[in-house]
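Please keep the sequence and the model at hand while reading.

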Amino acid sequence: MPTMPSALPTPAAASEVAILGYGRFGRALGQLLAEAGVSHRAYDPLVGSGVPPEFRADSLRDLVSEAKLVVVAVPVPRIRSALVDLRPHLGPGVIVLDVGSVKVGPAAALAEVLGDAIPWVATHPLFGPLSLALAERPLRVVVCPAAAHPEAAARVRELYERIGCEVVEQTPEGHDRVMAHTHALTFFVAKGMIDAGAGMDVPFAPPSFQAIARTIETVRSDAGHLFSAIARDNPFAAEARKQLVQALTSIDRALDAQLAEGPRAGQEASPEGSGKFAIPDLGERSPELKQTREHIDAVDREIVRLLAQRAQLAQRAARAKAKLGAPVLDSTREAEVMGARRAWADELKVDADAVAEVFRAIMTMSRRAQRT
C-alpha cells in the first residue's frame, strides 16, 4: 500500500526555498527569488564558496533543514543521483522540484526516488541567465503536475508566479515532444550552421539571416552541455532530427536534379516556386496598405516590449546604484546617452532632433522606474 503524501507546507510566498546546484541557472533563479523577496539558500559542492555567504548552506542537511521547497538545479544526467543524496534529509512537508530542460526522464527519477512519500513536481523554466540579463518578459515556466501530488503543483505555481513567471501546465511527454521540435531542433540547426561557418564575420547580411544570427548567438550563450543533454535526454529529439535531416536531404537532391536538368527550352522558372521548392505563404495576400500597417503595428509592439525591457534594466541599475550609495540622477551619463543616440540617428539618416526628443521621454520614464 503506497505511503500517503505528507502534509504540505504553507504557501510558497511564505516559504524558504533551497537551491541544490549553483551553476548559471541556480544563480539566475537565486537572483529572481531575491528580487521578489523570497528567502532562499543554496548549496553546491562543485562551486563551494562561489555561493554568496548570505545565501550559502554548508551541507545538504543544512540546506534543507528549514526549507519548504527544494529546487534541484543540477544538469539532467545528475538529477537522479542528486535526489538519492537528498532523500535522507527530506523531512515532512517539503516539496521537491527540478528545473531540467527535458521532463520524461526527470519525472521518472522524481517518482522513483521520492514516490508518494515526498511531494514533487517536474518543471522547466523557459528562461535563463541571458533572458534575465536582457530583462526579457514575460518569463514562462512549464509545470508538469504529478497525479499523486496535485497540491504540490499548485504551491510550485504560486512560487513561480510570485517571481514573475507565467505558468503553462503540460505532461512530461507533451513537453518533450514540443521541445524536440522547437528547442532541440533550434540547437541542432544552430550547431550545424556554426560548424559550417555560416555567416561568421561577414561584413553584411540580409534581414532574413539576421534573425537566424540572433538565434545562433542565443545558442552560443548557453553552456555546451545543454546541446548534448537536449539531444540525448529528450526521448523524441532523435525522431525530430531525423525528420528535419530527411526533409533537407530531399530538398537538396531536388535542387541538384534541377541544376542537372538545366533550364527548360522556352520556359522560365515559376517565380512562386513549385513542388519541393514551394514555401507556403500565410494565406491570401493583403493589399499593400493593410500589409504596411500590419508591419507598423508589429514594429510598434516591439518598441513597447523593448521599453518594458529597458524599464526592467533601469530598475536593476537603480539597485546597483543603491548599493553604491549613488544618486538616481546621473547627468554625465544622460548626456553621454543623448549624444550617442544622436550619432546613431545621424548614421541612419533619421532626424536627430526627433530621436533626441524620444529619448528624453524614455529617460524620464527610466528615472521613474528607478524610483519605484
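The structure is a predicted model. A search of the whole structure finds one cavity of 30 Å³ or more, and the volume of the largest cavity is about 40 Å³. Its lining consists of A184, F187, F188, F227, I230, A231, A237 and R241. Two or more lining residues come from each of the helices α7 (172-195), α9 (224-233) and α10 (237-261). By class, seven of the lining residues are nonpolar, none is polar and one is charged.

Across the whole structure, 12 salt bridges are found. Side chains of opposite charge can pair when their charged atoms come close.

| Salt bridge | N to O distance |
|---|---|
| R157 and E161 | 3.2 Å |
| D353 and R342 | 3.0 Å |
| R360 and E357 | 3.0 Å |

The pair D353 and R342 links two helices: D353 belongs to α13 (residues 352-371) and R342 to α12 (residues 331-347), so the bridge ties together parts that are 11 residues apart in sequence. R342 is partly exposed, at 29% relative accessible area.

R360 and E357 are both found in helix α13, three residues apart, which is about one turn of the helix. R360 is partly exposed at 38% relative accessibility, and E357 is partly exposed at 49%. Salt bridges with shared partners also join R157, E161 and E169 into one network.

Within helix α6 (residues 150-162), R157 and E161 are about one helical turn apart because four residues separate their positions. R157 is partly exposed at 26% relative accessibility, and E161 is partly exposed at 41%.

Notes
Residues are numbered from 1 along each chain as its sequence is written. This is a predicted model: local features need pLDDT of at least 70, side-chain atom pairs count only at pLDDT 80 or more; totals for chains, interfaces and linings use all residues. Side-chain values use heavy atoms; hydrogens and water are left out. On a 1 Å grid over the protein atoms alone, a cavity is a set of points where a 1.4 Å probe fits but cannot get out, and a pocket is an open set with protein on both sides within 12 Å along at least five of seven lines; lining residues have an atom within 4 Å of a point. Grid points are joined across faces, edges and corners, and a volume is the space filled by probe spheres set on the points. Ala, Val, Leu, Ile, Met, Phe, Trp, Tyr, Cys and Pro count as nonpolar, Asp, Glu, Lys and Arg as charged, and the others, Gly among them, as polar. A salt bridge is a side-chain nitrogen of Lys or Arg within 4 Å of a carboxyl oxygen of Asp or Glu. Buried means under 20% relative accessible area, exposed over 50%, partly exposed in between (1.4 Å probe, protein chains only).
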